[in-house]
Amino acid sequence: LAQHFVAEQAPAPQLETHATSSSVRGYNVAVLGAAGGIGQPLSLLLKLSPQVRELRLYDVANTAGVAADLSHIATAPRITSHSGAGALPDALYGADLVVIPAGVPRKPGMTRDDLFNINAGIVRSLCEGVARFCPSAWVAVISNPVNSTVPIAAEVLRRAGTFNPSKLFGVTTLDVVRANTFVAEALGLDPAAVNVPVIGGHAGVTILPVLSAATPRLTVPEQQARALMARIQDAGTEVVKAKAGAGSATLSMAYAAARFAEACLRAMSGEPGVVECAYVASSVVKDLPFFASQLRLGPAGIAEFLPLPRLNALEQDNFESMKEELVSSIAKGVGFMNGK
Ligand code: NAI
């Protein structure tokens with residue numbers, strides 16, 4: 001009753017600081033793996049978001065320091081700290097969106113698949129928590145190999161009876177961000193003005209930037225298109241090599257994850273026309289039960305799968321060679337859940 005009274009009696013100036021109807025409510029966002037290389041800058045960016053009401057930081061260690069530090073920033077989102085497995089329920093209870101960058105990153109010479117053994121178990125246990133404590137939340141999985149961890153997450157939720165395929169996403173936004181940046185460089189444009197759909201998955205050849213569908217239109221000789229495509233597919237490795245053992249992309253990934261999280265929250269609040277690429281349970285391509293493509297997001301999650309862009313011969317070639325890898329990465333995730 002007391003709480004209700006306070007809300008009803010809130011003074012007018014306080015209400016006026018919230019300009020839009022969507023920001024009046026705000027959403028609860030949980031970051032699992034919040035003290036990590038991605039988790040920290042991602043949490044910083046989410047602390048700046050007018051869409052966020054409460055930001056729950058969860059990690060197995062070092063959470064309190066990150067939370068104390070961020071909590072001094074003079075922006076509205078409230079920061080809460082949750083450290084260790086016993087604190088997972090509190091981090092998740094009432095969460096609208098759960099973002100998962102928990103897990104080990106690559107070192108030079110490793111593929112994303114080399115991370116499977118450790119990260120598969122981490123994603124499984126965190127998603128078991130999601131199923132129990134916030135079964136209706138949207139879930140955005142960053143932990144690699146995304147091509148396998150998303151099928152694992154789906155299977156965990158399915159077994160718990162809480163799987164909603166419209167609300168589970170593998171975050172592939174960094175591939176779009178990279179494609180936009182590199183294409184903008186080639187065109188001499190501001191990257192903010194460029195949009196390249198990236199379909200398939202999130203590893204090597206499964207990352208298919210559809211350069212022929214870029215806006216504005218990109219007209220380059222085939223050799224240059226090939227080079228651009230290869231650079232986008234290998235961009236993660238470019239960072240891994242440059243960091244020389246200190247991890248993989250964290251800052252650009254945090255930017256990409258914050259962009260994706262913001263898109264989810266805007267769609268949740270009813271904003272029309274929110275379109276992002278993500279790796280989701282899909283029937284867009286026969287025999288690929290998980291696939292990344294352009295999605296229109298709405299208040300209840302995926303509202304529409306946009307038709308695949310038309311592919312040119314080079315892209316079609318790449319498309320054919322991705323299928324086998326994607327099928328086997330999906331099977332690996334499902335096999336893990338079946339104890340294989
Ligand atoms: P990091 O090692 O710096 O941070 C990972 C954090 O996860 C650590 O703070 C660790 O304590 C925490 N963690 C480990 N087990 C946990 C558990 N059971 N519950 C909660 N937290 C746990 O790694 P970084 O650089 O932040 O990368 C994280 C993941 O993101 C990696 O798997 C990496 O491959 C992936 N990644 C994905 C990208 C994408 O485009 N989807 C791009 C870049 C990285």
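Student: What makes H8 mostly covered or mostly open?
Tutor: H8 is mostly covered, with 11 of its 15 residues buried. A residue is buried if 20 or more other C-beta atoms, placed from the backbone, lie within 10 Å of its own. Among those that pass are Val146, Pro151 and Leu157. This is a predicted model, in which local features need pLDDT of at least 70, side-chain atom pairs count only at pLDDT 80 or more, and totals for chains, interfaces and linings use all residues. Residues are numbered from 1 along each chain as its sequence is written.

Student: Which elements cover the buried residues of H8?
Tutor: They include helix H7 (116-133), strand E5 (138-141) and helix H12 (313-337). Helices (H or I, at least four residues) and strands (E, at least two) are DSSP runs, numbered from the N terminus.

Student: Why does the span of helix H8 agree with what it should be?
Tutor: The expected span is 1.5 Å times one less than the number of residues. The 15 residues of H8 (146-160) should therefore span 21 Å, and the end C-alpha atoms are 21 Å apart, which agrees. Just after H8, Gly161 takes a positive phi of about 80 degrees.

Note on methods: Buried ≥ 20, exposed ≤ 12 C-beta atoms within 10 Å, placed from the backbone. Contact = placed C-beta atoms within 7 Å.
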